[in-house]
Amino acid sequence: MIVEVERLRRDFVVRHKTSRFGRSRDVVTAVADVTFGINAGECLGYIGANGAGKSTTVKMLMGIRGPTSGRVQVCGLEPVRERTVLARRVGAVFGQRSQLWWDLPLTDSFRLLGAIHRMPDRAWQARLQECADLLDMHEFLTTPVRQLSLGQRMRGEVTAALLHSPELLLLDEPTIGLDIVSKERLRGFLAEERSERGTTVLLATHDLSDIERLSDRIIVIDHGRLAFDGTLPALVSRVGASRVLVVDLVEPGPPLDDIPNTTLQSVEADGLRQHLAFRAEETSAATVIAAVTARVELRDLAITEPAIEDVVRRLYLSPHQDPQ
Amino acid sequence: MVELQPLGTAGRGDAVPSLLSAYVALVRSRLSAQMVYRGSFAFEVGAQFGIGFVDFAEIYVVFHQVSSLGGFSFAEVAMMFALTTCAFSMADMFVGHIDGLPNYVRTGQFDAMLLRPLSALGQLVTSDFSLRRLGRAMTGLLVLGAALVFTDIDWTPARLLLLVITPVAGCAIFCAIFVAAAAVSFWLVEGTEFANAFTYGGNYLASLPFTIFHVAVQRFFTFVIPAAFVAYLPTLALLGRKDPTGLPGWLCWSGPVAALIAAAAARLLWRNGLHHYVGAGS
């Protein structure tokens, strides 16, 4: 396992001014006894609302914050104690913080990072060429970073994190604020990077489309606690979200309210369009479609997957349970 | 396609660059950023040179009224001023920008430094390099030259060596004070003012003859914050005079030792401060 986290906890002390001389001291728990692991080559989606403890976890994995209690091991190293050794093997992107030099052209930032990671010129130049090709960065490589658009800068940030070919890539909100085209380009690149090099990825985000596109496995963190650890289909069945079959009939028909294992959600246009909800673990789409076509003649059909936002909302609403 | 030109920094071709070359590359990038506007740079160097003389004018004005200050002549006090100015301006150039640490912490740039495989202190020190401070150092050298002409020093090889070593040791002492002050800001969020009291305050104090201060102040700025080793004590040794408060003569020659102790103490304080910031296992 490339990342091992056991009963990881981080408290912050917040001081409040209560009166002119009085100060009170509150302990806020950002991460509460979280346990998980990441296997080499995996892409783990780490999701939670803002302030759920995602960034704090990522910082503890990099060794720039220490745990209050618990154990964390990354690439077989202890992050805080062996921070500089670990930094050679891990890359990180913090969506809201830049790792680039504001006043230098993008290429110069990569030159400096190459020197910092003690890479021979040929090595970092080859890697930059590769990333610049895939991320379509050539036209703005000589532009000072402060003049780049957010989408351009973020491509630069990801390249900066990957320049030294790390084994583990930690991404904290990498697509925040990006337009759809930029998001998609970045996701495509990350998928390519994974399949080419087998890079392990931890993707902390509150944008669930990142997860759908990239992750094999999801962890949901809520108020610092681990709320779920498993696959996306498992999460869907856990909260009982339904898939919906939408059928358009050739001619108006009676409400299809007696198809086994489904519930009729709504009927439109006098029965021309009907919505049938069913749960993945109870029946399959094929069975439902077969049952419907045995009754009426279909003109068209579509299956709507549960909105992942909705799935997570339901998980947050459900009472706290142990993960799995 | 952007042409990736051959580079002067770091690893040429297939060679693995050394740790030092990483820092050299960082400093070079800062220097070239400063040199982009040559006219502005020249003006800043000139301004620093001028500011040094304004500081010196303060001493001149005092000696217009009195003939000696704390038992020292104008030329002798000028020598203390010059040694301090040389030491401080060099330290300010090398590590002075470290007082921006609270700002780096606030903006998250400090965390970005921690993501890199280099020491945080090394990166902070190389994050800027204010070459304009050379202007101030030039003032110091000019005043030192003049002061040496007007003071009566019984030159021996040991004294000559002391004269050369003193600005270097003084620079190291101020560097240590800068680092220690920055380390304190890990605990005190609004610590910049507090830090300045010791860095810029130390500079002012060190340039004056210590005999004008209360003995308690003298002791504090000798044994706690070693400002006395920057100029006052070495000047006594150069002039062959004894410390009026009874400090042993060998102490006047101990600037380099004081610098080493100060550096070790600063390093320890920095490590503790960083440990506090990261908050490991507390």
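A polar contact is a pair of N or O atoms within 3.5 Å; within protein, one atom must be able to donate a hydrogen and the other to accept it. Keep that cut-off in mind for the first stop. The model on screen is a predicted one.

**Stop 1: His164 of chain A**

Select His164(A), which sits in the loop between H5 and strand S6 (168-172) of chain A. Show its side chain and look for the backbone oxygen of Ala87(A): the side chain of His164(A) reaches that oxygen at 3.4 Å. This distance falls within the 3.5 Å cut-off. Is His164(A) buried or exposed? His164(A) has a relative accessible area of 13%, and buried means under 20%, so His164(A) is buried. With neighbours within four places in sequence left aside, His164(A) is in contact with Ala87(A), Arg88(A), Val90(A), Gly91(A), His117(A) and Met119(A).

**Stop 2: helix H4 of chain A**

Select residues 121-135 of chain A, which make up helix H4. Its end C-alpha atoms are 21 Å apart. The helix has 15 residues, and at 1.5 Å a residue these should span 21 Å, so the two values agree.

Next, colour the buried residues of H4(A): Asp121(A), Trp124(A), Gln125(A), Arg127(A), Leu128(A), Cys131(A), Ala132(A) and Leu135(A). Turn the view to look down the axis of H4(A); the buried residues fall within an arc of 165°, so they line one face of the helix. What covers these buried residues? The cover includes helix H3 (106-116), helix H5 (150-162) and helix H6 (180-197) of chain A. Before leaving, select Asp136(A), which follows H4(A) and has a positive phi, near 55°.

**Stop 3: a four-stranded sheet in chain A**

Strands of a sheet pair through backbone hydrogen bonds, either parallel or antiparallel. Here, four strands of chain A form an open sheet in the order S11-S12-S10-S13, with antiparallel pairing. Which strands are at the edges? They are strand S11 (262-268) and strand S13 (298-304) of chain A, each of which pairs on one side only. Neighbouring strands of this sheet are turned by 20° against each other on average, direction ignored.

Select S12, residues 273-278 of chain A. Five of the six residues of S12(A) are buried, so this strand is largely enclosed by the rest of the structure.

Now take the pairings of S12(A) in turn:

- Six bridges join S12(A) to S10(A), residues 243-249, and the two strands run antiparallel. Val247(A) stands opposite Gln274(A), and Asp248(A) has Arg273(A) as its bridge partner.
- Six bridges also join S11(A) to S12(A), again antiparallel. Leu264(A) has Leu276(A) as its bridge partner.

S11(A) and S12(A) form a hairpin with four residues between them. Select Ala269(A) in the turn, where phi is positive, about 50°.

**Stop 4: Ala82 of chain B**

Move to chain B and select Ala82(B), in helix H3 (residues 74-95). Ala82(B) has 0% relative accessibility and counts as buried. Which residues is Ala82(B) in contact with, leaving aside its neighbours within four places in sequence? They are Gly140(B), Val143(B) and Leu144(B).

How values were computed:
Residues are numbered from 1 along each chain as its sequence is written. Chains are lettered from A and ligands numbered from 1 in the order in which they are written. This is a predicted model: local features need pLDDT of at least 70, side-chain atom pairs count only at pLDDT 80 or more; totals for chains, interfaces and linings use all residues. Side-chain values use heavy atoms; hydrogens and water are left out. The expected span of a helix is 1.5 Å times one less than its number of residues. Buried means under 20% relative accessible area, exposed over 50%, partly exposed in between (1.4 Å probe, protein chains only). The arc is that of the directions from the helix axis to the C-beta atoms. Contact means heavy atoms within 4.5 Å. Two strands pair if DSSP finds at least two bridges between them. Axes are lines fitted to C-alpha atoms, for helices over the stretch in contact, and angles run from 0 to 180 degrees between N-to-C directions.
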